[in-house]
Amino acid sequence: MNAANPEGVPLVAYLAVSGGLFLLGLLGVMIRRNPLLLLLAVELMLNSANLALVGFSRYWDNTDGQVFALFVMVVAAAEVVIGLGLVVAVFRQRMALDVDQMSTMKG
């Protein structure tokens with residue numbers, strides 16, 4: 001275990017920063033109505049999960065957490081591509097970017 005290393009960053013610091021980033025992302029999702037800002041908030045939450053995974057990986061001297069973090073990055077990239085495609089399509093149709101007004105989608 002790497003927790004006894006006095007020179008390294010302790011696991012508590014990783015988890016504290018990760019928790020703070022996750023809360024900021026959660027507040028962004030709950031407060032904001034703009035879909036672009038919602039995507040940014042979701043990305044913030046995913047990156048906070050990545051930070052926690054890398055922190056645990058470093059703590060246990062195991063690379064599994066880093067592999068999971070890489071997988072989360074791939075999923076986040078796919079989510080951004082799909083989300084931005086939807087936002088651009090809605091913007092071209094309606095010229096308004098408010099998630100409350102997107103409740104009805106007609107074909």
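## Order of the elements

From the N terminus on, the protein chain runs α-α-α. It holds three helices and zero strands; helices (H or I, at least four residues) and strands (E, at least two) are DSSP runs, numbered from the N terminus. Of the 107 residues in the protein chain, 22% are buried, where buried means under 20% relative accessible area, exposed over 50% and partly exposed in between (1.4 Å probe, protein chains only).

The model is predicted, so local features need pLDDT of at least 70 and side-chain atom pairs count only at pLDDT 80 or more, while totals for chains, interfaces and linings use all residues. Residues are numbered from 1 along each chain as its sequence is written, and side-chain values use heavy atoms, with hydrogens and water left out.

The buried residues of helix 1 are Leu11, Tyr14, Ser18, Gly25 and Gly28. They cover an arc of only 120 degrees around the axis, and therefore lie on the same side of helix 1; the arc is that of the directions from the helix axis to the C-beta atoms. An α-helix has 3.6 residues a turn, so residues three or four places apart point the same way. The face turned away from the buried side of helix 1 carries the exposed residues Val12, Ala16, Leu23, Leu24, Met30 and Ile31.

## Packing of helix 1 and helix 2

Helix 1 (residues 11–31) packs with helix 2 (residues 35–59) at an angle of about 165 degrees, and their axes are 8 Å apart. Axes are lines fitted to C-alpha atoms, for helices over the stretch in contact, and angles run from 0 to 180 degrees between N-to-C directions. The angle makes helix 1 roughly antiparallel to helix 2, since angles under 35 degrees count as roughly parallel, over 145 as roughly antiparallel, 65 to 115 as roughly perpendicular and the rest as oblique.

## Two residues in context

Leucine 39 lies in helix 2 and, at 14% relative accessibility, counts as buried. Its C-alpha atom is 8.3 Å from that of leucine 84, although leucine 39 and leucine 84 are 45 residues apart in sequence.

Aspartate 100 is placed in the segment after helix 3 (64–94). With a relative accessible area of 49%, aspartate 100 is partly exposed. The C-alpha atoms of aspartate 100 and proline 35 are separated by 9.9 Å, and the two residues are 65 residues apart along the chain.
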